[in-house]
Every structure is written in C-alpha cells, then in structure tokens.
Amino acid sequence: MTERRSIPLTRPLIGEAEAEASRRPIMSGWLTQGPEVAAFEQEFAAYTGAAHATAVSNCTTALHLALLVLGVGSGDEVITVSHSYVATANVVRYCNATPVFVDIDPATSNMDASQIEAAITPRTKAILCVHQMGLPCDLAAILAVAKAHGLPVVEDAACASGSEISWNGQWEKVGKAHGDIACFSFHPRKVITTGDGGMITTNNPDYDRQFRLLRQHGMSVNDRVRHSANQVIFEEHAVIGYNYRMTDVQAAIGREQLKRLPGIVEARRHLGSRYVQLLADLPGFTMPHEPEWARTNWQSFWVRLPEHLDQRTVMQGMLDRGVATRRGIMNAHREVPYQREGGYNLPESERAQDRNIILPLYPQMTDEEQDYVVAMLSEVCA
Ligand SMILES: *Cc1c(COP(=O)(O)O)cnc(C)c1O
C-alpha cells in the first residue's frame with residue numbers, strides 16, 4: 001500500500017466500438033439529424049420504456065425545452081433544489097422565471113418532498129426535481145404533491161441513465177417518464193457519454209412534437225423527411241426555436257454507449273456496495289442511503305466527513321496520495337446570480353456541499369484500487 005498511485009475521480013468507458021461506430025456518419029456524409037440520431041432516440045426510448053425520446057445537444061438544452069413546453073415564462077416560479085449542478089437553476093432563469101429552492105434530505109442528497117407544499121404559491125408553474133448523482137429522488141411523494149396541486153413534474157435525470165425505481169411493484173428505468181418529462185446528460189462526467197449530448201423522454205406525444213420543432217429552429221419539416229421526399233417541400237418556421245441538435249457522430253457513439261450501459265451500471269453497483277462495506281469501519285463517517293425502492297447507478301459516491309475533520313485538508317491529503325476527490329455538490333444559491341438580500345434557509349444543502357466529499361468510482365476501477373482509496377482515506381483521517 002506504499003506505492004504511489006494516480007486514481008482519477010472518473011473515467012469514461014469508451015473505445016474501439018465507439019471509434020468504429022463514428023465512422024458510419026463520417027463515411028456516409030450524413031452528419032446531423034440523420035439516421036443515427038433517429039436510431040439512438042428509438043433505442044433510448046426502448047431502454048427506458050418511454051413512449052418518446054428526443055435527442056438534443058446536452059441536458060441543459062433538454063431542461064430548457066422541457067420548461068418551455070410546459071409554458072414556464074416571465075414571472076413564474078419553479079420549485080427545485082439549489083443543491084445541484086448550476087444548470088438546474090439556470091434553465092429556470094432562461095425562461096425568465098424564478099427558481100424556488102427547497103432543502104434536501106441529507107440521507108439521500110435529494111429534494112425533501114415534505115418541504116414542497118410550503119413552497120407552492122399561485123405563481124408556481126412546475127416542479128423540477130433532480131435524481132442527484134444517479135440516486136432516484138422520492139418521485140412517489142413528489143408526484144403526490146404535484147398531482148394535488150395540478151403541477152407538472154420535470155425530472156432532471158442528467159446523472160441517472162440506468163438507475164431504477166420500484167413502481168407499482170416493478171423495477172422501472174428512470175426516464176420512463178414517471179413525471180411529465182425526464183432529461184438526461186451524456187457529458188463525460190455522467191455514466192454514458194457522447195462528448196456532449198442530451199435526451200428528453202416523455203409519454204406525451206404533443207410535448208415530443210414540440211421538442212422536435214424547438215430543437216431545430218421551429219422548422220416544420222425535418223431533414224429526413226425532406227431528404228426522402230420525391231416532391232419539393234417548402235418548410236415553415238412557425239415558432240421561435242433553437243439550434244439544440246445532436247449530431248449523427250454523437251448519436252452513433254451514444255448507440256454503442258447504450259449497449260454498454262447495463263454492464264456499466266453493474267460494475268458501478270458492485271463498487272458502490274463495496275464502498276458501503278469498506279467504509280462502514282471508519283468511525284463517524286456517513287454514506288448515502290439507498291431507499292428500498294431505488295437502485296442507483298452510483299454516478300457519484302459521497303461520504304460525509306465527521307465534524308472534527310476539515311474538508312479541504314482531507315481532500316489535499318488524498319490528492320497528495322494520488323487520489324482525486326471532489327467536494328459535495330454545489331449550491332446554486334451561493335453563486336453570484338442567485339444571491340439575494342436576506343439569504344436562503346437551506347442548511348442541509350449547505351452542509352452537504354461543505355461536509356461531503358465525492359470519491360473515485362468508474363467502471364474500470366479494480367477492487368484493489370478501491371481498497372487503496374479507502375486505505376488512504378483512513379490514513380488521512382486518522
Ligand atoms: C450535468 C448536469 C446537468 C447539465 O448537463 P449538461 O449535459 O452538461 O448540460 C444538469 N443537471 C444535473 C443534475 C447535472 O448533473
């Protein structure tokens with residue numbers, strides 16, 4: 001255990017299969033909004049069990065479109081968490097609406113559903129919940145409140161490709177769109193990657209139709225239809241849309257990544273349960289709680305440090321021993337654009353950022369590398 005290592009926080013599982021697949025659009029000359037995008041959408045819908053999937057440029061643009069089709073606009077409020085990557089709050093602001101932050105349950109780092117009701121006002125237009133670090137949030141409780149108030153639910157599933165939730169006694173994939181719309185990310189920090197990329201799933205055909213319009217400047221005719229038509233077609237642009245397209249090179253890579261996803265989740269779950277066992281011996285540490293109705297993909301694994309340990313000192317100690325870590329997930333409300341007079345009352349969100357550290361976890365990680373991480377943590381914290 002004395003040999004110096006270099007253990008990254010994460011590493012995408014990607015290689016020859018993706019390199020080979022990316023040749024297809026390059027050699028065919030059809031580089032965007034073509035057959036690879038269409039196939040990736042169908043395959044992702046089949047994987048999650050959703051009726052519809054629309055590929056977009058990243059999860060931020062996916063979330064933006066989700067809020068737009070729900071009609072979120074100027075003066076509206078969207079109930080969400082601050083304890084998330086800043087994109088979650090930013091998309092609410094893109095719509096000129098205001099994010100209303102509720103605190104998290106420290107056991108899961110997910111939205112505390114019992115606090116939603118008190119945050120609802122006549123301006124509330126939607127609930128934007130997050131499956132943080134891949135761990136499903138308490139959708140049953142969130143949807144119950146939403147239903148009682150007639151509010152739509154968007155799931156920020158950026159990290160949750162391959163995570164599962166028990167629904168009416170069955171294990172179902174996150175993104176079957178238990179809420180109204182779910183949004184995924186394929187950034188390299190997530191469990192599968194297309195470099196950048198995103199996917200929107202829904203069971204609502206009208207939402208899906210709007211996503212397809214809005215991702216491509218509101219254009220009434222898609223490229224595949226026009227390309228295969230034997231009559232001249234003139235397109236219209238009836239609404240203001242965006243360029244939020246995914247390319248066929250990304251989609252070809254994504255299709256290979258999707259094939260790997262079950263194996264990636266299995267490897268991550270193996271390592272996640274090993275962390276739980278190995279860290280149980282360290283006194284004063286707490287770990288994420290996986291509810292019995294949730295199967296996380298462990299996109300990230302965190303531990304909460306005991307009170308007497310300083311976060312930065314522990315992280316530096318790990319880095320000195322060749323182990324990369326990150327502090328707990330950020331809080332949007334602490335960033336300049338969200339600061340306000342009187343501040344916010346989000347103590348658990350702040351504690352999770354200040355007291356948790358995220359440990360290395362990637363599918364290629366060996367048990368022996370993981371043993372090293374735990375040994376170093378134990379040494380640093382002694
Ligand atoms: C990564 C992430 C996003 C943004 O995803 P991009 O694909 O990078 O736009 C949004 N929400 C959460 C919770 C994330 O972790």
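Okay, let's start with the interface: about 3,200 Å² is buried between domain 1 and domain 2, with 59% of that on carbon and sulfur atoms. Buried area here is the accessible area, with a 1.4 Å probe, that two parts lose on being put together, summed over both.

Before I go on, the housekeeping. This is a predicted model, where local features need pLDDT of at least 70 and side-chain atom pairs count only at pLDDT 80 or more, while totals for chains, interfaces and linings use all residues. Numbering runs from 1 along each chain as its sequence is written, and side-chain values use heavy atoms, with hydrogens and water left out.

So, the two domains. Domain 1 covers 16-258 and domain 2 covers 261-381; those bounds come from an automatic or database domain assignment. Their centres, taken over C-alpha atoms, are 26 Å apart. In contact terms (heavy atoms within 4.5 Å), 40 residues of domain 1 meet 37 residues of domain 2.

How many salt bridges cross the interface of domain 1 and domain 2? The rule, a side-chain nitrogen of Lys or Arg within 4 Å of a carboxyl oxygen of Asp or Glu, finds one. Polar contacts are N or O pairs within 3.5 Å; within protein, one atom must be able to donate a hydrogen and the other to accept it, and residues adjacent in sequence count only if both atoms are side-chain atoms. Between the domains there are 23 residue pairs in polar contact, both at pLDDT 80 or more. On the side of domain 1 that touches domain 2, we have 21 nonpolar, 13 polar and six charged residues. Nonpolar means Ala, Val, Leu, Ile, Met, Phe, Trp, Tyr, Cys and Pro, charged means Asp, Glu, Lys and Arg, and the others, Gly among them, are polar.

Now the ligand. It has 14 residues around it, the closest being Cys59, Thr60, Asp156, Ser185 and Lys190; the cut-off is a heavy atom within 4 Å. The Thr60 side chain puts an N or O atom 2.5 Å from a ligand oxygen, and for Ser185 the distance to a ligand oxygen is 2.7 Å. Asp156 has a polar side-chain atom 2.7 Å from a ligand nitrogen.

Last one: Arg212 and Asp208 form a salt bridge at 2.9 Å, N to O.
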